[in-house]
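Please keep the sequence and the model in view while reading.

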Amino acid sequence: MNFDEIIDRRGTLCAKWDKMEQIFGVSADDGLAMWVADMDFRSPRCISDAVRALADDGVYGYLGVDAPYRDAICWWMEHRHGWTVDPSWIFATHGLVNGVALCLNAFTAPGDGVVLFTPVYHAFARVIAAAGREVVECPLAVEGGRYEMDFSAYDAQMTGAEKVVILCSPHNPGGRVWTRDELQGVADFARRHDLIILSDEIHHDLVLAGAKHIPMALVDMSVKDRLVMLTAPSKTFNIAGSHTGNVIIEDADLRARFADTMAALGISPNMFGIQMTTAAYSPEGAEWVDALTAYLAENQRVFNAGVNAIPGLSAMALEATYLAWVDFSGTGMAPEEFTRRVEQDAKIAANLGTTFGTGGETFLRFNLGMPRTRIHDAVARLEKAFGDLQ
């Protein structure tokens with residue numbers, strides 16, 4: 001659990017470091033990769049041991065038994081989230097973006113509307129458009145420095161062509177942990193407009209002290225016939241490369257429709273991802289996550305304190321995730337100018353706010369999942385890049 005260790009990921013074929021010059025013009029030689037949402041930490045030893053055991057076995061045939069994987073998920077959800085899951089509700093997909101895409105295939109038709117509360121994780125809009133569905137943006141409001149939902153406004157936007165609403169809980173990029181009342185609002189909204197809820201809870205284990213995540217499945221039992229839960233070990237344990245997501249569906253009819261889509265596309269899990277997930281969802285994995293979230297909380301404190309001291313910059317207070325959402329509107333600069341300063345002057349690669357949809361135009365997203373010395377370095381670079389505002 002040495003989160004202070006500097007691991008040189010350059011030249012390892014990772015997207016975060018080895019593609020940032022191509023995409024952002026920021027060289028990995030002297031730049032900081034703060035975009036792709038994976039962390040620069042080693043995964044817990046229990047996962048490494050599981051992978052090593054598979055490698056040492058030397059036979060990599062078809063996976064035939066996944067009961068330990070299902071049991072591990074059920075144990076984790078019960079012990080970490082108070083949510084009782086039946087093993088038969090679980091599907092393994094090739095990550096959660098794949099899970100969302102499969103849901104669109106299973107539950108919608110070309111031309112159907114899919115509701116997003118924007119700004120929100122950029123891959124949602126990408127797969128919706130690629131599937132020939134329509135993105136319906138319902139902008140979040142900023143109240144007291146954090147995002148809030150405005151269901152009265154959203155009700156007025158609905159036309160009847162919408163079939164699905166995607167909820168990001170906890171929210172990426174704003175770091176909100178939605179309250180029970182807010183989640184009930186989503187349930188009521190979905191019921192009013194006959195929408196299936198895809199609840200993406202991939203960051204549910206990365207909740208910081210003082211906040212409490214509530215699984216959507218525990219909010220309102222009357223919507224279980226329109227609810228699909230999406231979870232994954234990828235963000236929690238830094239194993240996004242395993243491309244393994246958990247789609248959990250309690251309702252039998254929805255489950256059958258999803259199973260038909262999986263069968264039609266010939267999708268089955270890979271043995272490495274299943275074994276890594278099984279190892280992660282364990283007492284040893286839980287101990288590692290507790291240490292990780294404490295470390296990330298301090299990273300957020302250091303980064304936000306430094307950024308908020310720069311005139312014109314404002315970072316939202318995170319309740320979850322390791323993704324800082326920084327507003328540059330106070331600088332009075334056009335997005336092209338503050339982005340240029342971050343990329344060319346500070347030499348930091350950060351996600352463009354515009355990719356997250358309406359409401360993200362004046363923001364950049366910074367990944368704080370890195371050793372703290374790099375967080376201090378990032379703050380110093382930003383202070384220098386915007387030094388003329390001091």
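Where is the place of P119? P119 sits in the loop between β3 (113-118) and α6 (122-130), where helices (H or I, at least four residues) and strands (E, at least two) are DSSP runs numbered from the N terminus. The peptide bond joining T118 and P119 is cis, with omega about 0°. A cis peptide bond also joins N172 and P173, with omega about 25°; P173 belongs to the loop between β7 (162-168) and α8 (180-192).

## Basis of the model

The model is predicted, so local features need pLDDT of at least 70 and side-chain atom pairs count only at pLDDT 80 or more, while totals for chains, interfaces and linings use all residues. Residues are numbered from 1 along each chain as its sequence is written, and side-chain values use heavy atoms, with hydrogens and water left out.

Two packed helices are described by the angle between their axes and the distance between the axes. Axes here are lines fitted to C-alpha atoms, for helices over the stretch in contact, and angles run from 0 to 180 degrees between N-to-C directions. Angles under 35 degrees count as roughly parallel, over 145 as roughly antiparallel, 65 to 115 as roughly perpendicular and the rest as oblique.

Helix α4 (residues 67-81) packs against helix α12 (residues 283-308) at about 45°, with the axes 11 Å apart; the two are therefore oblique to each other. In α4, W75, W76 and R80 meet P283, G285, A286, V289 and D290 of α12, contact meaning heavy atoms within 4.5 Å.

The axes of α12 and helix α14 (residues 372-385) come within 9 Å and cross at roughly 15°, which means that α12 is roughly parallel to α14. Among the residues making this contact are Y295, V302 and F303 of α12, and I375, V379 and L382 of α14.

## Buried helix and nonpolar cores

Helix α11 (residues 271-280) is mostly covered, 7 of its 10 residues being buried; buried means under 20% relative accessible area, exposed over 50%, and partly exposed in between (1.4 Å probe, protein chains only). The buried residues of α11 are M271, G273, I274, M276, T277, A279 and A280. Their cover includes α3 (45-57), α4, β2 (90-93), α9 (234-237) and α12.

In soluble globular proteins, nonpolar side chains tend to be buried together. A nonpolar core is a set of buried Ala, Val, Leu, Ile, Met, Phe, Trp, Tyr and Cys residues joined through side-chain atoms within 4.5 Å. The largest one has 66 residues, of which V115, F117, M149, F189, M216 and F237 touch the most other members. Apart from that core lies another, of 38 residues, including V302, V307, I310 and F386.

## Individual residues

D194 is in the loop between α8 and β8 (196-200) and is exposed, with a relative accessible area of 54%. T321 lies in the loop between β11 and β12 (323-327) and counts as buried, at 1% relative accessibility.

S314 is part of strand β11 (residues 314-315) and is partly exposed, at 39% relative accessibility. Leaving out residues up to four places away in sequence, S314 touches V307, N308, W325, V326 and D327.
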